Amino acid sequence: MIKVSINICGDSVLNYCPMYWEFETAKFFTNFIRENFYFECSNGWFDLIAEVCQFVESKTKHVHATQVKEKFGSLRIYFESDHDEDGESLVSRDLMEEIYSFIHKKESESRNICEDCGIKLVEENRAKQEDLGYWIRNICMPCYDNQNKEVAKRLENKIYKTLKE
């Protein structure tokens with residue numbers, strides 16, 4: 001097993017920034033995701049990331065993630081291939097295109113999955129963008145409500161400490 005950290009501090013716009021947490025990853029994280037790799041997204045997209053890892057691992061051992069993050073409310077996975085001494089890729093162009101297409105499909109799917117808890121988003125349970133401010137996120141209303149409670153609690157503690165001083 002390889003130890004990997006997930007950094008869920010992408011919520012800093014809302015002052016909601018739990019400490020990153022570590023977990024033991026499954027066997028399929030051994031090649032595509034290397035040791036001491038940091039994810040820059042919440043854990044709601046874990047299943048999508050796992051599917052990408054399994055797909056890539058089933059095709060080659062010469063492609064590795066360089067960055068996995070949230071950007072503009074969807075998952076982004078950047079990757080590269082190993083090269084030989086002459087700088088030539090050890091992975092064919094066709095295979096790289098197949099991997100890119102699969103990853104792009106999973107990135108598109110992430111737009112309809114809550115990035116915090118992983119439930120499928122539909123119009124009825126999706127947090128409205130105007131409520132989220134300028135940070136584009138795909139989260140469900142329960143996760144949005146939980147974040148607001150946490151932000152309110154932190155502000156209350158900050159105000160109380162200020163008044164106490």
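**Entry 1: Ser42**

The model is predicted, so I note its limits: local features need pLDDT of at least 70, side-chain atom pairs count only at pLDDT 80 or more, and totals for chains, interfaces and linings use all residues. Residues are numbered from 1 along each chain as its sequence is written, and side-chain values use heavy atoms, with hydrogens and water left out.

I placed Ser42 in the loop between strand 3 (38-40) and helix 1 (46-59). Helices (H or I, at least four residues) and strands (E, at least two) are DSSP runs, numbered from the N terminus. The side chain of Ser42 makes a polar contact with that of Asp116 at 3.0 Å. A polar contact is a pair of N or O atoms within 3.5 Å; within protein, one must be able to donate a hydrogen and the other to accept it, and residues adjacent in sequence count only if both atoms are side-chain atoms.

**Entry 2: Overall layout**

I recorded four helices and five strands for the protein chain. Along the sequence, their pattern is β-β-β-α-β-β-α-α-α. Buried residues account for 39% of the 165 residues.

**Entry 3: Arg137 and its partners**

I listed five salt bridges in the structure (a side-chain nitrogen of Lys or Arg within 4 Å of a carboxyl oxygen of Asp or Glu). Arg137 forms one with Asp116, the closest N and O atoms being 2.9 Å apart. Arg137 lies in the loop between helix 3 and helix 4 and Asp116 in the loop between helix 2 and helix 3, so this pair ties together parts that are 21 residues apart in sequence. Both Arg137 and Asp116 are buried.

I also found Arg137 in a salt bridge with Glu115, at 3.2 Å from N to O. This pair joins parts that are 22 residues apart in sequence, because Arg137 is in the loop between helix 3 (129-132) and helix 4 (141-164), while Glu115 is in the loop between helix 2 and helix 3. The relative accessible area is 4% for Arg137 and 3% for Glu115.

**Entry 4: Helix 1 to helix 2**

I then checked Glu51 and Lys106, whose side chains meet in a salt bridge of 2.4 Å, N to O. The pair links distant parts of the chain, with Glu51 in helix 1 and Lys106 in helix 2, 55 residues apart. Glu51 is partly exposed at 32% relative accessibility, whereas Lys106 is buried at 5%. Glu51, Lys106 and Glu109 are linked in a network of salt bridges.

I looked up Tyr100 as well; its place is in helix 2, and it is partly exposed with a relative accessible area of 48%. The C-alpha atoms of Tyr100 and Val56 are separated by 9.8 Å, and these residues are 44 apart along the chain.

**Entry 5: Phe72**

I noted a positive phi of about 50° at Phe72, although this residue is not a glycine. Most residues other than glycine have a negative phi. Phe72 lies in the loop between strand 4 (63-71) and strand 5 (74-81) and is exposed, with a relative accessible area of 59%.

**Entry 6: Glu85**

Glu85 is exposed, at a relative accessible area of 83%.

Technical notes:
Buried < 20%, exposed > 50% of the residue type's maximum accessible area, 1.4 Å probe, protein only.
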